[in-house]
Amino acid sequence: MNERLKILVIDDNEDDRLLYSRCLKKSVAGNYDVSETASGEDGLARMEKERFACVLLDYSLPGRNGVEILKRIRSKQPAVPVVILTGQGSEEVAVAAMHEGAQNYICKATITTDSLEHVIRGAIQHCAMQKRIVEQRESLEIFARALAHDLKEPVRTIRSLLELLHTEASFTGKAESHFQSVKNAAERMSSLIDTVHLYTRLDGSDKIDRQICDANEIIEAAMANIEQLVRGRQAVITCHRLPQVYANRTQMIQVVQNLLCNAIQHCTMAVHVEVSAEQACGHWVLRVNDNGPGVDKEDVEKLFKPFQRLSRHDTQGLGLGLAVCKRIVELHDGKICYEAKSGNGATFSFSIPKVAPVPGASVPSLQSARARNGGRGLQLATCLLVDDNDIDIELAQLFLFERHRLQCNLLVALDGRQALDKLQKGDIDLMLLDINMPKIDGFEVLAQMRSENLLERTAVVMCSTSTYEEDIFKATNLGACGYLTKPPDFGRLKSIIEKSTSLQIVEADDDLHLLRAA
């Protein structure tokens, strides 16, 4: 600590202020420039004009106590180190001060040059560490967004073009084998990007949105996601009647899906998986039990660590499935563990908060809109596709319109400004809107449409490579009626339109027609 450190003392007792100054002037290791104020308001005003390396704040100040002043300091300068001073040692005061953001705490009766310098150093070091953590989280956020957008984009394009190539060309012999290897590698890379992105997002999360969920519906949704794997292995999954839980539905589906996949993929015989639940104090314990080979004793400690692949059969595994499960369960204040069994088989159990059953509560179902009169008397809708990427435009036209013979008035805008211009010139019933575009991005377009009440006549569906939860949440808050990930899926778009009161899809003359609802 060779540099001169500016210390601000906020204390209404002149003798105490003199004590702090004398202690710091006696310091051999430190070089301090001490400023003093007698009230919290004066201290706050002083901090507006100068920057201090540390603030020594008295807990007992006239008018407002030190914790109230601390709150105001934190609202304006969250990174400045603060040490709370009090005339009598009190754990309640210490807890309250730390809760509001103080880095340290000291009783005036114990102050010496060494003790005061020690708490100041500790506070400065603690703040520096907090700053590094914030910077690392910001870097992680940038990396997560790069995964969601920049890294996923070329892989998505490769997979889409491979699918087109497969339909337009035929391969034989080694060429067919090489083509399939390229396709498998692209799918694995896409899966790896999605999984790493999910894990990094979870690692930066502290709070999650929860709701009352039916655990039976969670199991069904997870099984639907891996239907092809279940059918391919002819797996038998038995599910006992399960309770309602208080959880984030999407994350719970991910946990169950990962555990079911592990059970099916690692079993070398006819697969049998059993899902059950039992009550415990304040929570439920859900168990996924299988008849696979189990886990070797020396590998149990590695189970939940990232990028650990323990089975020689798991050559295509990513090594993140159980790590993701562990992080999600911990975010729900629960625990996940492996339970060894005698003989073959493995059991994974995890705890989840219990909720009292709500009479009559059910997961809402989506009701399909009914076409009337075969589309007669209804007007063909106009759809505006907004994207700056030529390949994405071509793929959207193919996957959403040409393959399914969906008829509409289809327009294209290459950026946000063109989209807004077309909105002003004519009636647009549906907009498929990309997020990342030059000049004006998709969120800015959506915000302007909302401010001009254009969403009342134009339904907006975001169409992006991003699976970022904050992007989906932001789109919904700004007024989007749906969200598609690229390449867009027609079934998902159809489900969104079926919920719309202004659009409907009807079948006529072997084609599908996108119409304005009556």
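At 46% relative accessibility, does Glu227 count as exposed or as partly exposed? Select Glu227 and keep that in mind: with a cut-off of over 50% for exposed, Glu227 lands in the partly exposed class at 46%. Before going on, remember that you are looking at a predicted model.

**Stop 1: helix α8.** Arg231 and Glu227 form a salt bridge, with 3.2 Å between the closest N and O atoms. Colour residues 227–233 and you have helix α8, which holds both partners; they sit four residues apart, about one turn of the helix. Arg231 has 54% relative accessibility, so Arg231 counts as exposed, while Glu227 is partly exposed.

**Stop 2: Arg46 and Glu50.** Next, pick Arg46 and Glu50 and show their side chains. These two meet in a salt bridge, 2.6 Å from N to O. How exposed is Glu50, in relative accessible area? The value is 23%, which makes Glu50 partly exposed. Arg46 comes out at 26% and is partly exposed as well.

Stop 3: Select Lys76 and Glu48. Their closest N and O atoms are 3.4 Å apart, and the pair forms a salt bridge.

**Stop 4: a network.** Which residues are linked with Lys108 in a network of salt bridges? Select Asp11, Asp16 and Asp58 along with Lys108 and you have the group on screen. In general, side chains of opposite charge can pair when their charged atoms come close. The salt bridges in this model come to 24, and the pairs on this tour include Arg46 with Glu50 and Lys76 with Glu48.

**Stop 5: the negative patch.** Last, switch to a surface view and select Glu168, Asp388, Asp390, Glu394 and Glu402. Together they form a negative surface patch. Which helix gives the most to this patch? Colour residues 390–402: that is helix α11, and it contributes three residues. Then step back to Asp388, which lies in the loop between β13 (382–386) and α11. Asp388 has 36% relative accessibility and therefore counts as partly exposed. Patch members need over 30% relative accessible area, and Asp388, at 36%, is partly exposed.

How values were computed: Residues numbered from 1 in each chain as written. Predicted model: local features only at pLDDT ≥ 70, side-chain atom pairs only at ≥ 80, totals over all residues. Heavy atoms only, no water. Patch = residues over 30% accessible without salt bridge, like charges linked within 9 Å, V, L, I, M, F, W, Y side chains within 5 Å. Areas by Shrake-Rupley, 256 points an atom, 1.4 Å probe, with all protein chains shown as cover. Salt bridge = Lys/Arg side-chain N within 4 Å of Asp/Glu carboxyl O. Lys, Arg positive; Asp, Glu negative; His and termini not counted. Charge placed at Lys NZ, Arg CZ, Asp CG, Glu CD. Helix = DSSP H or I, 4+ residues; strand = E, 2+ residues; numbered from the N terminus. Buried < 20%, exposed > 50% of the residue type's maximum accessible area, 1.4 Å probe, protein only.
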